[in-house]
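Welcome to a short tour of a protein model. Take a look at the structure below, and then we will walk through it topic by topic.

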Amino acid sequence: MRQSLAAIVLATTVAAVTSVAIGAPQTASSALKAAVDAPTRTPANKLRDRYRHPAETLAFFGVRPTDTVVELYPGGGWYTEILAPYLSARGTYYAAAPMPNGVKGLQTLIAKDAATYGKVKVAAFPAKPGEPTVPAGSADVVLTFRNVHNWRFGGADAAQTAFNAAFAMLKPGGTLGVVEHRLPEARDSALEEKSGYMKTSSVIGFAKKAGFEVAGQSEVNANPKDTADWPEGVWTLPPSLRLKDVDRAKYQTIGESDRMTIKFRKPK
């Protein structure tokens with residue numbers, strides 16, 4: 001299966017996404033679909049595809065199998081399981097996170113399956129002196145999935161620093177792809193400090209201040225059932241279900257959070 005996947009990756013590239021219209025449909029290439037369907041993925045992770053739409057999301061961001069891609073804060077490796085095989089033949093994949101705890105998920109994957117994940121490069125983000133980094137101006141794409149709120153918890157300055165660092169990693173013309181839990185614009189901005197949700201305007205504000213341009217928005221990860229006003233913030237909903245058995249069926253019916261999906265571009 002790995003040999004056939006590699007052959008598909010070598011034969012196919014992801015079509016460039018040129019539309020900037022909100023909600024514009026995107027078509028995933030056969031190589032990307034093969035990575036999403038890879039037998040090396042964890043079955044529990046595959047079950048979440050209906051909420052996270054990985055093929056459509058990566059197609060919207062225009063991620064090609066020849067790209068140098070940086071994923072910020074990969075966590076347990078949900079997207080690593082897709083990006084590592086997708087980029088293994090002709091691309092480069094960096095997992096960038098605080099050292100050492102932020103890369104434990106990747107280390108677990110490597111220990112389990114070095115053939116699939118052994119080529120993944122590790123970088124510290126943010127980096128301390130002496131820690132490995134992503135070379136400035138080297139990345140075609142920087143991705144972050146549901147992490148902006150974590151940076152915001154450290155204060156607006158910390159969030160801005162993260163966007164500035166992503167800008168520095170990218171080549172001119174490179175893409176920053178952001179997926180984040182979405183707070184309605186009319187809500188109190190103070191909720192960004194504790195709810196796990198962010199306003200689209202706030203995310204765009206951080207990106208623009210760093211130097212990015214908005215290249216497109218998609219509703220591929222939208223969930224109109226999510227009203228973003230839950231007792232335990234976004235963690236009330238799946239997959240966290242922080243309230244445990246309290247109204248569990250209700251929250252499972254709602255599903256995972258409503259999410260913005262925004263593509264930014266570093267000007268040439």
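How many residues has the largest nonpolar core, and which of them have the most contacts inside it? The largest nonpolar core has 29 residues, and those with the most contacts inside it are Val-70, Leu-72, Val-142, Phe-163, Leu-176, Val-203 and Phe-264. Keep in mind that this is a predicted model, where local features need pLDDT of at least 70, side-chain atom pairs count only at pLDDT 80 or more, and totals for chains, interfaces and linings use all residues. Residues are numbered from 1 along each chain as its sequence is written, and side-chain values use heavy atoms, with hydrogens and water left out.

**The nonpolar cores**

- A nonpolar core is a set of buried Ala, Val, Leu, Ile, Met, Phe, Trp, Tyr and Cys residues joined through side-chain atoms within 4.5 Å; buried means under 20% relative accessible area, exposed over 50%, and partly exposed in between (1.4 Å probe, protein chains only).
- Helices (H or I, at least four residues) and strands (E, at least two) are DSSP runs, numbered from the N terminus.
- Apart from this core lies another, of 28 residues, among them Ala-31, Leu-58, Ile-82 and Leu-106.
- Leaving aside neighbours within four places in sequence, Leu-176 is in contact (heavy atoms within 4.5 Å) with several residues, including Val-142, Phe-163 and Phe-264.

**Helix H5 and what follows**

- Helix H5 (residues 54–61) is largely enclosed by the rest of the structure, because seven of its eight residues are buried.
- Those buried residues are Pro-54, Ala-55, Thr-57, Leu-58, Ala-59, Phe-60 and Phe-61.
- After H5 comes Gly-62, with a positive phi near 75°.
- Val-63 sits in the loop between H5 and E1, and counts as buried at 0% relative accessibility.
- The C-alpha atoms of Val-63 and Leu-32 are 8.9 Å apart, although 31 residues separate the two in sequence.

**Two serines**

- Ser-29 is in the loop between helix H1 (2–11) and helix H2 (30–36), and counts as buried at 8% relative accessibility.
- A polar atom of the side chain of Ser-29 lies 3.2 Å from the backbone nitrogen of Leu-32.
- Ser-201, found in helix H11 (residues 200–210), is partly exposed, with a relative accessible area of 41%.
- The side chains of Ser-201 and Glu-185 are joined by a polar contact of 2.6 Å. A polar contact is a pair of N or O atoms within 3.5 Å; within protein, one must be able to donate a hydrogen and the other to accept it, and residues adjacent in sequence count only if both atoms are side-chain atoms.

- The largest pocket has a volume of about 390 Å³. On a 1 Å grid over the protein atoms alone, a pocket is an open set of points with protein on both sides within 12 Å along at least five of seven lines, a cavity is a set where a 1.4 Å probe fits but cannot get out, and lining residues have an atom within 4 Å of a point.
- Of the 27 residues lining this pocket, the closest to its centre are Arg-48, Arg-52, Phe-145, Arg-146 and Asn-147.
- The whole structure has one cavity of 30 Å³ or more, and about 40 Å³ of space lies in the largest cavity.
- Arg-52, Tyr-79, Phe-145, Arg-146, Val-179, Asn-221 and Arg-259 line the largest cavity.

Notes
Grid points are joined across faces, edges and corners, and a volume is the space filled by probe spheres set on the points.
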